[in-house]
Amino acid sequence: MCRHKARNALGHVFVSQMREVVSCMSHDSAVRAVVFRSLVPGVFCAGADLKERALMDNSESDLFVHGLRSLMTQIAVLPMPTLAAMDGVALGGGLELALACDLRVAADSAQMGLIETTRGLLPGAGQMSGSHTPVEISDEASGKFDLVVLCPAGGSQRLPRMVGLTKAKELIFTGRRFGGQVALEMGLVNSAVKQNQTQDAAYREAICLAREILPQAPIAVRMAKEAMNRGMEVDITSAMAIERMCYALVIPTKDRQEGMAAFIEKRPPRYTGQ
């Protein structure tokens, strides 16, 4: 993400472009992992574009919110592993984008939170009329303040599934902001790293994690993701049936045969995604 002037604000064109890219990736079997990062220093993603939203009427606003939620769902159902590298602020819709990913890495200096209740909203609910309320984000390096707008995209449902219902209620009810280390302690991120001079420590850590994934059998990784994601939404008996179904899809693959052969021959496997 690289909207420097808008601090990666999620405008109509930006969201449409992201949806198109995500859609293309979903059908590309060559893509083994996706890392969402920001090239804007100090910001991961700052919500919706306030200037653009100010020009929308109620129906246009509702349509935009629907598109934003669709983007988050598209990211969540991508078949390959997805990683969010949060090197900066991720509030409201910015954090919800990260929540839609499979794995999250944060710099210890990153600030995040679902702060919608402090503005009369709730995460992921959508608003039937009117525009969302702006919130100021400061840039400690420059001393400047920017206005961004909170935008709903599934946070009230995804956060409890990651940190537990009680903790999620605490964070959403209070609208609390927290840093990368606290996020790690509550299980919201997979790792929290000390920020570096180039402001890309989380991205570098995410790339390291992605590189650990890349050598593994891609079909097996995708099926494992499918089994876990679908299984979490149903009872254990149904989840076991989903696991069996996903396992059955791996059995006839050339990668499974390669994995067994490599084990017997005591050599690294060479997976092709077939």
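Trainee: What is the average pLDDT of the chain?
Mentor: This is a predicted model, and 87% of the residues score at least 70.

Trainee: Which helix gives the most to the lining of the largest pocket?
Mentor: The largest pocket has a volume of about 860 Å³. Of its 27 lining residues, the closest to its centre are C101, D102, K225, M228 and N229. At least two lining residues each come from α3 (58–76), β5 (103–107), α5 (155–163) and α9 (218–231). With 9 residues, the one that gives the most is α9.

Trainee: How many charged residues are in the lining of the largest pocket?
Mentor: By class, the lining has 16 nonpolar residues and 2 polar ones. The charged residues number 9.

Trainee: What span does α9 reach from its first C-alpha to its last?
Mentor: α9 has 14 residues. At 1.5 Å a residue, the expected span is 20 Å, and the model comes close to that. The span reached is 20 Å.

Trainee: Which elements are included in what covers the buried residues of α9?
Mentor: The buried residues in α9 are P218, R222, M223, K225, A227 and G231. What covers them includes α3, β3 (82–86), α10 (236–250) and α11 (254–265).

Trainee: Is K225 buried or exposed?
Mentor: K225 lies in helix α9. Leaving aside neighbours within four places in sequence, K225 is in contact with A76, L78, P79, M80, P81, T82 and D102. Buried means under 20% relative accessible area. K225 has a relative accessibility of 7%, so it counts as buried.

Trainee: Is Q199 buried, partly exposed or exposed?
Mentor: Q199 is found in the loop between β10 (191–193) and α8 (201–213). Its phi is near 60 degrees, a positive value in a residue other than glycine. With a relative accessible area of 35%, Q199 is partly exposed.

Trainee: And K266, is it buried or exposed?
Mentor: K266 is found in the segment after α11. Phi of K266 is also positive, near 55 degrees, in a residue other than glycine. The relative accessible area of K266 is 79%, so this residue is exposed.

Technical notes
Residues are numbered from 1 along each chain as its sequence is written. This is a predicted model: local features need pLDDT of at least 70, side-chain atom pairs count only at pLDDT 80 or more; totals for chains, interfaces and linings use all residues. Side-chain values use heavy atoms; hydrogens and water are left out. On a 1 Å grid over the protein atoms alone, a cavity is a set of points where a 1.4 Å probe fits but cannot get out, and a pocket is an open set with protein on both sides within 12 Å along at least five of seven lines; lining residues have an atom within 4 Å of a point. Grid points are joined across faces, edges and corners, and a volume is the space filled by probe spheres set on the points. Helices (H or I, at least four residues) and strands (E, at least two) are DSSP runs, numbered from the N terminus. Ala, Val, Leu, Ile, Met, Phe, Trp, Tyr, Cys and Pro count as nonpolar, Asp, Glu, Lys and Arg as charged, and the others, Gly among them, as polar. The expected span of a helix is 1.5 Å times one less than its number of residues. Buried means under 20% relative accessible area, exposed over 50%, partly exposed in between (1.4 Å probe, protein chains only). Contact means heavy atoms within 4.5 Å. pLDDT is the predictor's confidence in each residue, from 0 to 100.
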